[in-house]
Amino acid sequence: MIHITINGETRQFNQPINIEQFVDENNLIGKRIAIERNGEIVPRSQFAEQFLADGDCLEVVVAVGGG
Amino acid sequence: MDNLIIAGKTYSSRLLVGTGKYKDFSETRAAIEASGAEIITVAIRRTNIGQHADEPNLLDSVPPSKYSLLPNTAGCYTVDDAVRTLRLARELLDGHTLVKLEVLGDPRTLYPNIVETIKAAEILVKEGFDVMVYTSDDPIAARQLEEIGCVAIMPLASLIGSGMGILNPWNLQIIIDNASVPVLVDAGVGTASDAAIALELGCDGVLMNTAIAAAHNPVLMASAMRKAVEAGREAYLAGRMAKKMYTASPSSPVEGVIASARSQ
């Protein structure tokens, strides 16, 4: 079991998961999002290659209204 | 044509608008259209994971194919948060480099922290961002930010969202006179005359959000702002008359005024 902090909340995963699977499972496919993993940008082209590791910290963001 | 050029790209509108505080995306879109703005600010925020899968997205209403989006760092109080936010924005917007940097120093006044702003600007410029920077109306800070390589200097007219208008036109004038990159008033505009004054002073543009979004009729105010910015710019280009202190000058001929019948 691994623990990942996603947007400030800790989540558990029972088996290894890559970022593409994470995006798919959370209905984020095709959405305009950007992901940072442990302070580094994860380019969309690397979603399938990068597997989440215990203790990882993800930020998943979108554009919202602002001035 | 009298265009605004920022980071080598030409814009015909000198009004830049935000997308915050609107009732819904439909009102956002209508106000933006009425404003005629081409550069539109957006914020970058955490998404709800696993919820609201069909939630509408701002970018469907304000498509990057139609507008130059200007992601901001609103809410960031440190260099690290601001820089990371804009790296995420660049990824989100497919390598888009035009950004608005603001590093705040205080949650009550949202006044910019200039020391942190300068440090963040140095990093972002080195990383290839075209940085439009929110700053105080301090001419020295403005000069330093320009020297770092920011593509536009954006001093406050008054506090963000305050609608207090242009409180220190003298400082703005010094910044405008010294700058060789565009100077845009960012923050503080409350109504159309404020925007016109900014352009009359020689500002290259105005960025606003609350003045439009918090008006009772945002779409009508957006239209008013468009006209005010155009009027202010034309007045600036036309060159205003000199002020004559305490001395009137008649507009009509002094000679040939009819006299009282009795005195002749």
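Tutor: First a term: contact means heavy atoms within 4.5 Å. By that rule, 28 residues of chain A are in contact with 30 residues of chain B. This is a predicted model: local features need pLDDT of at least 70, side-chain atom pairs count only at pLDDT 80 or more, and totals for chains, interfaces and linings use all residues. Residues are numbered from 1 along each chain as its sequence is written, chains are lettered from A and ligands numbered from 1 in the order in which they are written, and side-chain values use heavy atoms, with hydrogens and water left out.

Student: How much area do chain A and chain B bury between them?

Tutor: About 2600 Å², with 55% of it on carbon and sulfur atoms. Buried area is the accessible area (1.4 Å probe) that two parts lose on being put together, summed over both.

Student: How many salt bridges cross the interface?

Tutor: The rule finds five between chain A and chain B. A salt bridge is a side-chain nitrogen of Lys or Arg within 4 Å of a carboxyl oxygen of Asp or Glu. One pairs B:Arg84 with A:Glu36, where the closest N and O atoms are 2.6 Å apart.

Student: Which strands of chain A supply residues to the side that touches chain B?

Tutor: E3 (34-37), E4 (40-42) and E5 (57-65) each supply at least two residues. E5(A) gives the most, with seven. Strands here are DSSP runs of at least two residues, numbered from the N terminus.

Student: Which strand of chain B does E5(A) pair with?

Tutor: E4 of chain B, residues 39-46. The pairing is antiparallel, over five bridges. Two strands pair if DSSP finds at least two bridges between them. In this pair, A:Val61 stands opposite B:Arg46.

Student: New topic. What is the strand order in the open sheet of chain B?

Tutor: E6-E7-E8, three strands with parallel pairing. E6 (98-101) and E8 (152-155) are the edge strands, and each pairs on one side only. Neighbouring strands are turned by 20 degrees against each other on average, direction ignored. Axes are lines fitted to C-alpha atoms, and angles run from 0 to 180 degrees between N-to-C directions.

Student: And how many bridges join E7 and E8 there?

Tutor: Four, between E7(B), residues 130-135, and E8(B). B:Thr135 stands opposite B:Pro155 in E8(B).
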